[in-house]
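Student: I would like a close look at a single part of this structure, namely the sheet and its surroundings. Please describe how that part is built and how it relates to the rest.

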There are 2 protein chains.
Amino acid sequence: MLRGIGDDAAIIRLPANHLLLLSTDLLAEGIHFDLATATFEDIGYKAAAANLSDIAAMGGVPQHMLVAVAIPGSRKPSDIERLYRGLMRACRLYGVELVGGDTSASRQGLFIGVTVTGIAEPGQALTRDGANVGDLLYVTGTLGDSLAGLNILRTRIRTKGKAGKRQHARHLSYLIERHLCPTPRIEEGQLLATHHLATAAIDLSDGLAGDLAHVCEESGVGAEIEIAEVPLSSACRWYAAAHHLDPFRLALTGGEDYELLFTVSPANRAKLDRLAQRTRCRFSCIGTIRPKKFGLRLKHRNGSSRRLTIAGYQHFQSQRATPREAEWSR
Amino acid sequence: MLRGIGDDAAIIRLPANHLLLLSTDLLAEGIHFDLATATFEDIGYKAAAANLSDIAAMGGVPQHMLVAVAIPGSRKPSDIERLYRGLMRACRLYGVELVGGDTSASRQGLFIGVTVTGIAEPGQALTRDGANVGDLLYVTGTLGDSLAGLNILRTRIRTKGKAGKRQHARHLSYLIERHLCPTPRIEEGQLLATHHLATAAIDLSDGLAGDLAHVCEESGVGAEIEIAEVPLSSACRWYAAAHHLDPFRLALTGGEDYELLFTVSPANRAKLDRLAQRTRCRFSCIGTIRPKKFGLRLKHRNGSSRRLTIAGYQHFQSQRATPREAEWSR
């Protein structure tokens, strides 16, 4: 970076022969975050992490961040400082330089605009449109944790399960942490990109069902998820059991896990499994890409299969704070 | 652009050996724009133009735009379409490609995040920090028109001046147009950059007094404005006369003219004047850069001089819709 905050625009020198990746997000109070369940620092961190996750899903190396905040007069200068502290924490963790920051007034509600740049070598950027029939469907990490964490924050339910209290506290804090401080899968995205392993990739911000639908739409294919293969954390299983919920439903419909969903040619399966061992991240094969007319289906342990219908994207509802629902229809 | 809307990030191929310019802005309803005085299309156009003006002030060639909109449920889909129509109009006019767009919900108020990229050749980008003592101070176009236009929109005052009605209507529509549809000085900024004419540059978004203070602060210098040289449109003069206002005060304190303010070595004056004739834009020399201890001063026609004190930047006031005031103190 040659010039950052304090001029009309940032001036950046890109390494030669690289592609520029650009992603932007606008996060609104009461829609994407809630000051009742997150601190300013949490909100700043997550705003940055959510954008970095987009660069991860492209297999890119994140480079620079620009932030524009609109903040109501009722908030204190120290609140803005805390917000930036959270943003900077994510930037430091992933080697990203904050090159632009602007704060202005908002009549009502806090709004955060984040723009992130990344770079990728030509031919290596991961897109949503390359999935082929027969490809294997993978995810990183575990799913449903963020929704479970959000539910805990919202209701602060103290269940009286059979496990000891220490076990509860550990699960609760794990799930809350997964909701407030998601891990953008930067390293994993780059692994997929540099080794040409993924035919398509997306990050899970809207939930497995919704984001898989995006990949299938862009690639012109269908998909079958083997529900028993969807990776769950022990904390998510505990939470679901304590609340008489189906943990796989949490995994399928919960948003904001910021894990990667990607497709791999069967010929590359062994290579992926070998390289995945170099990371500290779990890679799970959860299904297969099918022809378009197959649609999106869930295969159950007993071999039965049902259609997965995605509820339409509702802009004017709190679709992030309450991750949208996928319907389980036959 | 290799990939735009419909993936996690845009993929852009930059021309070799160029610097990347990046600018972002977050515009809030009731702060930066008002639906009582502007249509959705106006707001879209202006949001784009304001960001393009930042690239103009760097002497860059604008390339790509990303937009993120948070919109309340009370607004219709056709409102969003109109907003994008305005954004696209500005993009078309300045050869910019819209490569990312995201619409989400807002609990209260419309918010628009715009990110623009540009390119500049190494060593050509214009910054705020290069003004030297003795440099001449220039502006493009005419100043104060935007504030006059905003005042007209706000009060819809129909004055009963001496001029005929047709004259009024022409002036009124000119000033309103200057407020709603400012011209980012892209071509002029590039002229200054490619011919190495400007030692420093900024775009006039906060008003002449405030933006000159930014340049002086970044460059570590003072400045003297010859008030009689500040360029005024005949419409602005008419408006000021009709409302018993000092037109120079409008020019000095009014924001959002999006003209360029820049500094030029006296040795380059003749070259600038010659090249300026190639453009359709007026270039006016309005003063001189002075040592830092001189401060910011206004020189009047009669030779008297007074200090220009800038009112502090108030984040939590409507400082754009009501451009901030510069005090005229001795």
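Tutor: Two strands are taken to pair if DSSP finds at least two bridges between them. The model discussed here is predicted. By that criterion, strand 3 (residues 61-72) of chain A and strand 5 (residues 111-120) of chain A are paired, running antiparallel and joined by nine bridges. Within this pairing, A:V61 lies opposite A:I119 of strand 5 of chain A. Helix 1 (residues 40-57) of chain A packs on the sheet, where strand 2 (19-28), strand 3 and strand 5 of chain A are touched by the helix. The direction of helix 1 of chain A makes about 30 degrees with that of strand 5 of chain A.

The sheet as a whole is open and has five strands, in the order 4(A)-3(A)-5(A)-2(A)-1(B), with mixed pairing. Its edges are strand 4 (97-106) of chain A and strand 1 (10-13) of chain B; each has a single partner strand, so one side of each is left without a neighbour in the sheet. From one strand to the next, the twist averages 20 degrees.

Strand 1 of chain B pairs with strand 2 of chain A in the antiparallel sense, over four bridges. One bridge of strand 1 of chain B is that of B:I11 with A:L21. In general, strands of a sheet pair through backbone hydrogen bonds.

A:L21 also belongs to the largest nonpolar core, which has 210 residues. A:L21, A:F111, B:L21 and B:F111 are the residues with the most contacts inside that core. Leaving aside neighbours within four places in sequence, B:F111 is in contact with residues of both chains, including A:L26, A:A70, A:F111, B:L27 and B:S106.

The contact between the chains extends to 57 residues of chain B and 57 residues of chain A. On the side of chain B that touches chain A, strand 2 of chain B gives the largest share, nine residues. By class, that side of chain B has 27 nonpolar, 18 polar and 12 charged residues.

Finally, the two chains can be compared by superposition. Chain B is superposed on chain A by a rotation of 180 degrees with 0.0 Å of shift along the axis, at an RMSD of 0.0 Å. The two copies are therefore related as by a two-fold rotation axis. The same surface serves both copies, since 100% of the contact residues of chain B recur in chain A.

Methods: Residues are numbered from 1 along each chain as its sequence is written. Chains are lettered from A and ligands numbered from 1 in the order in which they are written. This is a predicted model: local features need pLDDT of at least 70, side-chain atom pairs count only at pLDDT 80 or more; totals for chains, interfaces and linings use all residues. Helices (H or I, at least four residues) and strands (E, at least two) are DSSP runs, numbered from the N terminus. Axes are lines fitted to C-alpha atoms, for helices over the stretch in contact, and angles run from 0 to 180 degrees between N-to-C directions. Two residues are in contact if their C-beta atoms, placed from the backbone, lie within 7 Å. Ala, Val, Leu, Ile, Met, Phe, Trp, Tyr, Cys and Pro count as nonpolar, Asp, Glu, Lys and Arg as charged, and the others, Gly among them, as polar. Copies are superposed by least squares on the C-alpha atoms of residues with pLDDT of at least 70 in both. A nonpolar core is a set of buried Ala, Val, Leu, Ile, Met, Phe, Trp, Tyr and Cys residues joined through C-beta atoms within 7 Å. A residue is buried if 20 or more other C-beta atoms lie within 10 Å of its own, exposed if 12 or fewer, and partly exposed in between; C-beta atoms are placed from the backbone.
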